[in-house]
Amino acid sequence: MMRQIFAFPIGNVHKIKKERSLDVRYINIINRLKHLIYAKMDNRHYDNPFEEYPNSTSNIVNAAINDISENYKETIHVYTKRLLNRLEEKKNHWTYNDDYSMYTGSAGIAYMFYQYGKCFNEPAYIDKAMELLRICVDKFRSKREITFLTGIVGPLALGAVVFHSEGYSDVAQNMISKVKSLSSVVNESSDLPDELLYGRAGYLFSLLFLNSNISPAPIENDLIKQVIALIIKSGNLYSASRKYKSPLMYVWHGSEYIGGAHGLGGILYMLLQAHQYLTQTQLEKDIKPALDFLQSIRYPSGNFPSSIGSQTDKLVHWCHGAPGMSMLFCLAYKIYEDENYLKTALQCGEVIWSRGLLKKGYGICHGVAGNAYTFLSLFQQTKDIKHLYRACKFAEWCMDYGTHQIRSPDRPFSLFEGLAGTIYFLIDLQHPLSAKFPAYTV
């Protein structure tokens with residue numbers, strides 16, 4: 001595509017240089033224009049047009065009660081319902097394929113339906129979630145994929161929670177048993193990675209999710225501790241083999257990723273959410289030094305590289321960059337009470353406020369909705385209403401759905417790439433203190 005754009009005259013610059021009659025200044029102008037156009041196209045975000053808090057539009061939040069104003073909550077609800085109707089009208093567009101995953105398939109849309117029905121007391125949407133989850137569990141292609149986001153475990157774990165909440169305890173127990181049986185895949189001799197999207201950390205999330213949402217907790221402590229031990233041992237072995245200063249390091253597809261989806265940051269976030277199952281040695285000798293290592297490799301901007309060795313401070317997504325890290329360091333501050341961790345989380349917030357209105361669109365994984373969860377996490381940790389205001393302004397951008405987007409995602413209605421994820425965020429925003437990034441925050 002780029003070659004076609006510059007086919008004339010830039011595509012022939014080398015030939016032109018040989019023509020002595022052409023003024024060299026013309027060539028310099030062409031090359032300069034080429035550089036500027038490439039630079040413009042490489043800019044991944046829109047300039048933030050919003051005023052900082054407080055300002056004349058800051059009445060969207062109510063400082064007296066530290067919450068969103070009732071009028072603005074009603075506005076959010078109206079737009080949430082409008083977008084939900086749009087998604088339902090396009091049902092044939094997201095049920096035609098055989099993707100039943102939480103990440104890009106119909107299980108993720110079921111998760112959003114369940115969230116909507118639960119938050120707004122609309123049982124019809126819980127029924128829709130149950131219907132979709134039955135189909136997902138029945139038709140999922142591989143029965144041995146073990147992560148919440150991309151495997152059969154996601155529909156099973158969510159299904160167990162939904163069916164349990166609706167009184168179908170036998171169905172829920174059957175699903176829980178299937179989740180537990182897949183622990184046989186999560187063993188030391190397997191070639192399973194450790195990251196969230198496809199690996200052991202994604203299985204760990206499923207176990208924590210079940211225990212967090214079903215009482216009494218259905219997953220035994222020993223199983224959770226076993227998965228944790230495997231993740232830590234794997235990180236220890238790889239780090240030692242590469243002589244890293246961090247006691248934990250991981251590799252996926254040949255790269256040592258850092259972010260939420262595939263990397264060290266996401267794995268540490270899962271481990272810290274399981275801190276009640278960790279030993280003091282694991283907390284102090286493995287996880288804390290790994291957190292300190294992550295802080296040491298930040299860019300001067302406060303953003304994080306996508307992988308070890310990356311020098312391009314470009315990505316500001318949940319999957320790669322500051323957004324996934326803000327939640328990690330908020331939690332690290334809560335557990336370790338180290339002020340430096342909170343400072344890191346706040347710096348992430350500044351990066352996202354500046355560069356988080358992404359041209360990729362409005363999704364959870366690499367879009368504006370996912371980035372906005374940073375502000376909800378910071379608000380929950382600090383109770384500073386500035387962060388809630390920022391979340392609302394990013395929501396305002398999302399409510400104008402489809403206007404600020406360079407291209408449509410591959411799965412435009414899905415939870416992590418498309419419309420369902422944006423709706424999920426808008427639902428969560430209306431209850432900001434209990435909001436949780438789906439499939440990442442337990």
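Student: Why is Cys330 called buried?

Tutor: Keep in mind that this is a predicted model. The relative accessible area of Cys330 is 3%. Buried means under 20%, so Cys330 is buried.

Student: What makes Cys330 count as being in no disulfide?

Tutor: A disulfide is a covalent bond between the sulfur atoms of two cysteines. Here the search of the whole structure finds 0 disulfides. For Cys330, the nearest cysteine sulfur belongs to Cys348 and is 8.6 Å away. A disulfide needs the two sulfur atoms within 2.5 Å, so Cys330 is in no disulfide.

Student: How do you know that Cys365 is in no disulfide?

Tutor: Use the cut-off again: sulfur atoms within 2.5 Å. The nearest cysteine sulfur to that of Cys365 is the one of Cys319, 3.6 Å away, so Cys365 is in no disulfide either.

Student: Which residues does the UniProt annotation "binding site" cover?

Tutor: According to the unreviewed UniProt entry, Cys319, Cys365 and His366.

Student: What makes you say that they gather at one spot?

Tutor: They span 48 residues in sequence, but no two of their C-alpha atoms are more than 6.5 Å apart, so they gather at one spot. Cys319 sits in the loop between α13 and α14, while Cys365 is in the loop between α15 and α16. Among the residues that Cys319 touches are Cys365 and His366.

Student: Why are Cys319 and Cys365 called buried?

Tutor: Cys319 has a relative accessible area of 7%, and Cys365 has 2% relative accessibility. Both values are under 20%, so Cys319 is buried and Cys365 is buried.

Definitions and conventions. Residues are numbered from 1 along each chain as its sequence is written. This is a predicted model: local features need pLDDT of at least 70, side-chain atom pairs count only at pLDDT 80 or more; totals for chains, interfaces and linings use all residues. Side-chain values use heavy atoms; hydrogens and water are left out. UniProt positions are given in the numbering used here, feature names are shortened, and annotations may be inferred rather than shown by experiment. Helices (H or I, at least four residues) and strands (E, at least two) are DSSP runs, numbered from the N terminus. Buried means under 20% relative accessible area, exposed over 50%, partly exposed in between (1.4 Å probe, protein chains only). Contact means heavy atoms within 4.5 Å. Lists of a residue's contacts leave out its neighbours within four places in sequence.
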